[in-house]
Amino acid sequence: MLSSSHFVTNVEVTLAGCKMVMLGGFTGTNNSGTDWGEQLLNTVASKTIRHLFTTSESVDVSVRCFPSSKLLQGSIDSFKMSGRGLVIRREFRTEEMSFETDAVSLDFSSVLQGKISLKQPTQAIAQVILTEVDINQSFKAQLVRKRLENLSTPGLTALSGGAPVSFTEVQVQLQPNNGLRLYAKADLPNYGIVPISMTSTIGVERRRRILFKDSQFQANEIPESLQEISKTLTVALDEILNNMVDLDRFNLDGVTMRINRLETQGKKLVFSGYAQIDHIPNNP
């Protein structure tokens, strides 16, 4: 991950403070062992990146800018970020997230104001890790629940006599080779609560949509009297899930994520891809 020697935290950046750091770097009086440009950018970037997340357990930032004079032209060599326990949009937690860019062009005057403004969009290699617990917690988020509850599609209301149908208590168990087992309950008038059990293989479509492929109904876990209706509801839930998990609905402000690869690793789901960074927000 990132070297802690580049990480500066809990430092208030002011114009006067920036000028002092610059003066020390140019006159050779800064003996901290860290280039003044890197120190300045690390401080500003650490504060700025935290604004991407509702909460975070840790966020480490490392900026490379050598020699320091390159910063005056708004050019830095690379930008790295790694974080743990990052919460997006108040309800979606990621166990880990990291990205690393190549050279970046930014507005130097914004750095002096304690902000980071990109002159042009940049791309970064990115990795996101979700735990099984985080995935299951996300099914309780309001953004997800509204796509699973009080549904009135013709296929479902034909089963319920016209009443809305809700899928609740969704639980996922990650399996090797990108597999998963999914359990849920359907609140279906005329039948009551109907249990659902299925297996799937997780895939990616167009680098942004998560697909549930080769889904199979697991009849042996459903009471015999409910197996027929449960199988029908399983097909309906599978279709809903395949139209729901689109990364464009969960993007950070100014950051678009794309997936090149995903894989299950024990109780974790690991996404590898890239991020298109158009701008970095400067206010919480």
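Ground rules: residues are numbered from 1 along each chain as its sequence is written, and side-chain values use heavy atoms, with hydrogens and water left out. Since you're working with a predicted model, local features need pLDDT of at least 70, side-chain atom pairs count only at pLDDT 80 or more, and totals for chains, interfaces and linings use all residues.

**Exercise 1.** Work out whether Thr 131 is buried or exposed, and what it touches.

- Start with its place: strand E6, residues 122-131 (strands are DSSP runs of E, at least two residues, numbered from the N terminus).
- Thr 131 counts as buried because its relative accessibility is 14% (buried is under 20%, exposed over 50%, partly exposed in between, with a 1.4 Å probe and protein chains only).
- Beyond residues up to four places away in sequence, Thr 131 touches Glu 95, Lys 267 and Lys 268 (contact means heavy atoms within 4.5 Å).

**Exercise 2.** Find the strand order of the open sheet and its edges.

- The 4 strands run in the order E7-E8-E9-E10, with antiparallel pairing (two strands pair if DSSP finds at least two bridges between them).
- E7 (166-175) and E10 (209-217) are the edges: each has a single partner strand, so one side of each lacks a neighbour in the sheet.
- Inside the sheet, 10 bridges join E8 to E9, and Lys 185 has Pro 195 in E9 as its bridge partner.
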